Amino acid sequence: METRGAARRSPPPPVAVQLLFLLILLAVSSCAAASTGDLVIGEDYVRPPARRHRKALLSLFPWSKKKASSSASDPQQVHISLAGEKHVRVTWITDDNSVSSVVDYGTKAGMYTSTSQGESTSYSYLLYSSGKIHHVVLGPLEDNTVYYYRCGGQGLEFQFKTPPSQFPLSLAVVGDLGQTSWTTSTLNHIKQCEHDMLLLPGDLSYADYMQHLWDSFGKLVEPLASTRPWMVTEGNHEKEHIPFFESGFQSYNARWKMPYDESGSTSNLYYSFEVARAHIIMLGSYTDYDENSDQYAWLKVSLAMKSSFRSVDVSRGGKQEAKDTWWWNDEVQRAIKEKECFKRLHLDKSAANIKGYKIAKRAAKRAVSVAKGQAYDNLYERLGTKKGEKDIYRMARIHERKTRDINQIKCIKDGVDRLLVRDEEIKDRWREYFDKLFNGEEEGPILELDDSFDDNNRRFALLLLLLYLPFQADLAKIDRKRTPWLIVLLHAPWYNSNWAHQGEGDSMMTAMEPLLYAAHVDMIIAGHVHAYERAERVYNGRLDPCGAVHITIGDGGNREGLARRYRNPKPAWSVFREASFGHGELKILNSTHAHWTWHRNDDEEPVRTDDVWINSLAGTGCIQDSSRELRKILMAP
Ligand SMILES: [Fe+2]
């Protein structure tokens, strides 16, 4: 992929030679301008001297007052993000605290046919007090549709486009953005690229503890962030950290609320979402991630639930798989197949075939019964562990949110509205519910669940697990047919051959890489290192065709400059590396093919410098190979 294209500096040649060189350069550059897509340079590229910062720091004083917008009630720092299926969250800030958290919107300019009411928050840090931060969720919205909207019932009209529900899907990717003149170039280049959504793997404003820089960042990105969803995760610069003061993510969490609640997470620092048919997981490098952490437990449940719910969709909607259920293991499948064969022969009406069919039918029934019994046993074994209880309860909550077929009330009742209190009765009720659900019947009984973790709810939740865990391994295959792309973003890279931040992602990689590998993640995109690097598919430090493609893209344009020093020799997994500012574009064309490009900021022009086709793991044998490992990790207490 790499070629070495740039000349190194040498003593100035005579004037005539310089003129000749200039003419040649002009001719070459006009050709290059017409075909920049084919230009591949790489780590030896000597980029032009960087321009100085425009206004990296508006003020050195963290207590400086924000500048008022044209009117204190006008919306400022408007940005949008996804908020669950077919919903978008609009966030903006007003200096006037009396402005309502309301958004009027519609599909025609100036004609607002819908209104949504939301919530607001604010915070103080040292002597700084934020404006009123509004969060309003709009929807359900049409896919791939332009909406016009107005915040707080006044001010300018904005517009955004919702992402498509099917491929092709175009994602802009940028990390470590900051707010310098380099940032402005990057944003201008992103604006030129048609994209459905922007992904940012951490380090947004470089405000650190200087809160007014969050405001200037919000204003800087508003022209783009108000038109397409910006999905971000936190970097180290999102964390307020002053010696002797409590550190945290107060401003980031208040200003950049992401769909964590909608994805079953309890923290804004990690969450997931689906767009078109890609599942995207945003992990947190600066919160606990070890095997005993909440984040790890959520990730496990999230991956398991993703599979489970996809199977429910298939069993309810599909034709061939309409009878798929949680107990559908190999033995059951074999018995059912035998029964079906005899059934076909049975049409011949021969006595031998009729007898064979009856025997096979009994055998299939027995196999189902045994499989179900085993599944229940697995559940009860798991009940004994504390970790299991926690995971299971989360599963129940996610299920409740995703399917909307369990009402938020406090107890469980039977079909005639009688409150169930005995264990056996409760168990039977859940069994009935999921038997119907997984066998494709239209309506399961209405079950009741609330947020408290009392004995009753724990019992309900544990029963949910009974129905999910035994089936996970088989589900992976089905799942990836429906959601063929699985992409992860985090801040500190796991595969990094730059000297900057060397080894900082290692402990997170040790904890999480086996799980993500077993779940057959296609790409892992990081920031943090202020340069660009792309790795081959890799796992456990070695090239692996079933591993993820790793990309480091912490080169959005922050005030700290570029990380220019690389380790040599270059590791086998590193394909392309270059210390320049820029952004990436991922165009997912279909369920198997995506086109990744990285665009260097070359003065005023974005130059496509790295370019590769990526095949999804969904269509490969990797999924089959790793399904057993995935099941083992998911089942581990
Ligand atoms: Fe960073």
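**Close-up 1. Asp208 and Arg559 join their side chains in a salt bridge of 2.6 Å, N to O.** A salt bridge here means a side-chain nitrogen of Lys or Arg within 4 Å of a carboxyl oxygen of Asp or Glu. The pair links distant parts of the chain, 351 residues apart: Asp208 sits in the loop between β12 and α3, and Arg559 in the loop between β22 (548-553) and β23 (574-578). Helices (H or I, at least four residues) and strands (E, at least two) are DSSP runs, numbered from the N terminus. Asp208 is buried at 18% relative accessibility, while Arg559 is partly exposed at 26%. Buried means under 20% relative accessible area, exposed over 50%, and partly exposed in between (1.4 Å probe, protein chains only).

A quick note on the model: it is predicted, so local features need pLDDT of at least 70 and side-chain atom pairs count only at pLDDT 80 or more, while totals for chains, interfaces and linings use all residues. Residues are numbered from 1 along each chain as its sequence is written, and side-chain values use heavy atoms, with hydrogens and water left out.

**Close-up 2. Lys86 and Asp143 form a salt bridge of 2.8 Å, N to O.** Lys86 lies in the loop between β1 (76-82) and β2 (88-94), and Asp143 in the loop between β8 (132-138) and β9 (146-151), so the pair ties together parts 57 residues apart in sequence. Both partners are partly exposed: Lys86 has 38% relative accessibility and Asp143 has 27%. In total, the structure holds 12 salt bridges.

**Close-up 3. Lys587 meets Glu585 in a salt bridge of 3.9 Å, N to O.** Glu585, at 8%, is buried.

**Close-up 4. Asp215 reaches Arg255 through a side-chain polar contact of 3.0 Å.** A polar contact is a pair of N or O atoms within 3.5 Å; within protein, one must be able to donate a hydrogen and the other to accept it, and residues adjacent in sequence count only if both atoms are side-chain atoms. You will find Asp215 in helix α3 (residues 212-225), where this residue is buried with a relative accessible area of 3%.

**Close-up 5. Asp203 and Asn558 are 8.7 Å apart in space, C-alpha to C-alpha, and 355 residues apart in sequence.** Asp203 belongs to the loop between β12 (197-200) and α3. Its relative accessible area is 1%, so Asp203 is buried.
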